[in-house]
Structure formats: structure tokens, C-alpha cells
Amino acid sequence: MASDTGSPVEARHPAAASAALIGKSVVVKGELEGSEDLTIEGQVEGKIELRDHTLTIGQGGRIKAQVFARAVVVCGELVGNINANEYVEIRETGSVDGDVVSPRVAIADGAHFRGSIDMQKKGPVQAKGAAIEAPAPWKVPPSLGA
Amino acid sequence: MSDGEDIRSLAGLWNRARRFLPGGVGQSPGGWASAGDGAIRPSKTLGPFLRELAAVPSPVVVDLGPVIGSNVSFLGSQLACKLFPEDLYADVDQPFSRGDGLASVLALKLRQDPGEVDGILAWDVFDYLDRGEAAALAERLIALLRPGGLLMALFTTGPRHEAVSRRYLIADADHLRRRPAPGARWARHVWPLRDIEVLLAPLEVRQSHLLAHRQREMLLRRPTPPGKDG
């Protein structure tokens, strides 16, 4: 599942250059499991598990699946729940219908989202009366570009 | 932190813009300061709302506004909450031409369990509803709140007919930014304080602030049964 150098996918998603790719003409029905980053430009129905890696749904990607990954970047369409250990990013072309569980969630202006967002962190709970601090700015992972 | 990263957050943008405002926000007429695509105004109740919810482990929060990415990130970073964005504005903006109005909308939304919710950000959605619709919404919201749960709401105090409705972006814990948005129902109703208290009974008023820009901010709390401190 290697991508061609200089493909539109790579241009849109720099991280995709080193990731496995499901191309736009590919349709997968069933369970997808992997131990490397994955970019999907095609269609997937079922379940996707990339426990320690990043799933990128490209602008052409159409997903109907439960997703488990370290990080998920959505530029296309996803119908299903997302469970990400680190972060979920829904870009302006992205659309998500489903519930998200992740400690960090970034939703761009123009993105579509319908569902709930569970951002509960594992670890010590804030002390009662803790001061409200300015929100930590969302940092786009360097591998994804700005 | 680089400037590029700093301005990705609304708080960062606000802090940068504030440096160029003469005398700061409080000095501008009506407590307003224009910046970018909307005006930033101080908020008296958002901070207390956040502080009380910060004491709750993993609170459940319902946001009646549209999905605004910076609000989601802010609430996540401050509260580590479970957030239910329920964009009632989108439904309120519909002309309700298909049937029985808000009742049909409420049948499909706000499906959390009764008593499950720790906090509700209602913003100014009541301004756009007639009395019957507002009563139906209030009843649903009150039922969702757990004892001790909080509701934050904004009410206009003067009649307005604007070509746009408002969305609220959290700039920081003490400031909100208004974002104009097109809306079909832009005529705003005025809710006198007494009517608000009746509308939202049995919630108790924790804070009520009449701000310089003719908007009332209210923080209300669902009473805790006797003998059970919330």
C-alpha cells in the first residue's frame, strides 16, 4: 500500500508521505488492523485499529467504522465513534458523525461534527477550587504541518 | 512558544489584541472592544461556572451553541469534561415550517439521562424563543441537571431587531467574543428578571449581572435536596 511520490494525498497531508495508503478506488469491508500510520482516501466499512499510530482520513475518504488509534486526523467523512489516546483533529473539510473519546480534540471552523466529545484525562483530577488558567493553545503536530 | 502557535488559540489572539487597545476592555464604551470579526466583552458568570465545574471530576457539560472548535478545546483543557454540543441555534434559525416547531426538535436532541448533566451553557438561546418554546426548553434543561448542577444563560434587556444572531466564542475564562451569524429568527424577545426566574424555577439564582451592553448574565443552580450538599 505504498503511495506514489508527489501524489495529491502527500501534498495535502505531509504526514501521509511515510504512511500506508488506501487509495481512492479501494473499498474495504471488515476489520483493518495495523502497526503503522495509515492514510485512507477510499472507503472503509467496519472497524479500524491502529492502537499506537495515526489514522488520517483524506478528503476523499469515506469511512463507516469504529476507529481506535493513537491519533486521528479527519479531512474526509467519518460515520462512527473515534477512540484516540492522544488527539483527534477534524479539519475544515472534515465531517464526523459519532462520539469522540480523546484527551485533546481540535475542530476547525467549517468542519462538521455531530456527537459527543469525551475529553476526560486519565490521571489526577483537578483540585477543588483550582485556578482557571488560560487554555493551552492547540499545537498542530509538526508531522502534519500547519 | 512561537507567535504562530500563540495566535492559534483565541486566548492568545485576545491577549495580543488587548495590547493595542487603549485602556483595555473596561474603558471602551459599553464595555466593548472590537477585535477581528466579533466584539469581545467581559463575562461575569463564565469564570464562576468553570470554577465550580472544575471541582467536579469529569463533569458532563451540554453546550446549546454550535460546535466551535476553540470552545471545545478550551472546555477540554479546563474541565476534561464530557461535552455534548447541541446546536439549538441551527434549529431555532429554521422557520419551523415543517411542523410543531421546537417540540419536534427537542424530541431528537438533549437525550442525556435526567440528572446526568453537571453544567449547561445555554448562551442567549432563550432570546429567540417565544414563551411556550422557552418553557418547553427550560423544563427539559432543568430535568437534565443533577442537583447542584449549573446553568449559564444570557438575556437581552432591550428589544432588538438585528439582521444577525449571535454565537459566543470563549476568549478566556472572563471574556466572550460574539460572532455574528445569519439567522432566520433574529427578532429578540425581552425577558424581564421576574419572568426569567419563573421560567427557570426551581433553579436558584447564584449570580445575576446586568452588563453595560444591555445583556443580563445569569448563573443558576439546581437546588440540592436538604441534607445533601452539592
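1. Confidence in chain A. The model is predicted, and chain A has an average pLDDT of 81, with 71% of its residues scoring at least 70. Two stretches of chain A call for caution. Over residues 1-11 the pLDDT stays under 50, and the model has 15 contacts beyond four places in sequence for them. Residues 123-146 of chain A also stay under 50, with 38 such contacts in the model.

2. The largest nonpolar core. This core holds 94 residues; those touching the most other members are Val72(A), Val61(B), Ala122(B), Val125(B), Leu151(B) and Met152(B). The element that gives the most to the core is strand S5 (residues 62-74) of chain A, with eight residues.

3. Surroundings of Val61(B). Leaving aside residues up to four places away in sequence, Val61(B) touches Leu53(B), Leu75(B), Leu79(B), Cys81(B), Leu83(B), Asp118(B), Gly119(B) and Leu121(B).

4. Geometry of helix H7 of chain B. This helix has 14 residues (131-144), which at 1.5 Å a residue should span 20 Å; the end C-alpha atoms are 20 Å apart, in agreement with that expectation.

5. The buried face of H7(B). Ala134(B), Leu137(B), Ala138(B), Leu141(B) and Leu144(B) are buried in this helix. Viewed down the axis of H7(B), the buried residues fall within an arc of 120 degrees, and therefore line one face of the helix. An α-helix has 3.6 residues a turn, so residues three or four places apart point the same way.

6. Packing partners. The buried residues of H7(B) pack against strands S3 (60-63), S5 (117-123) and S6 (145-156) of chain B, and against helices H6 (102-108) and H8 (193-199) of that chain.

Conventions:
Residues are numbered from 1 along each chain as its sequence is written. Chains are lettered from A and ligands numbered from 1 in the order in which they are written. This is a predicted model: local features need pLDDT of at least 70, side-chain atom pairs count only at pLDDT 80 or more; totals for chains, interfaces and linings use all residues. pLDDT is the predictor's confidence in each residue, from 0 to 100. Two residues are in contact if their C-beta atoms, placed from the backbone, lie within 7 Å. A nonpolar core is a set of buried Ala, Val, Leu, Ile, Met, Phe, Trp, Tyr and Cys residues joined through C-beta atoms within 7 Å. A residue is buried if 20 or more other C-beta atoms lie within 10 Å of its own, exposed if 12 or fewer, and partly exposed in between; C-beta atoms are placed from the backbone. Helices (H or I, at least four residues) and strands (E, at least two) are DSSP runs, numbered from the N terminus. The expected span of a helix is 1.5 Å times one less than its number of residues. The arc is that of the directions from the helix axis to the C-beta atoms.
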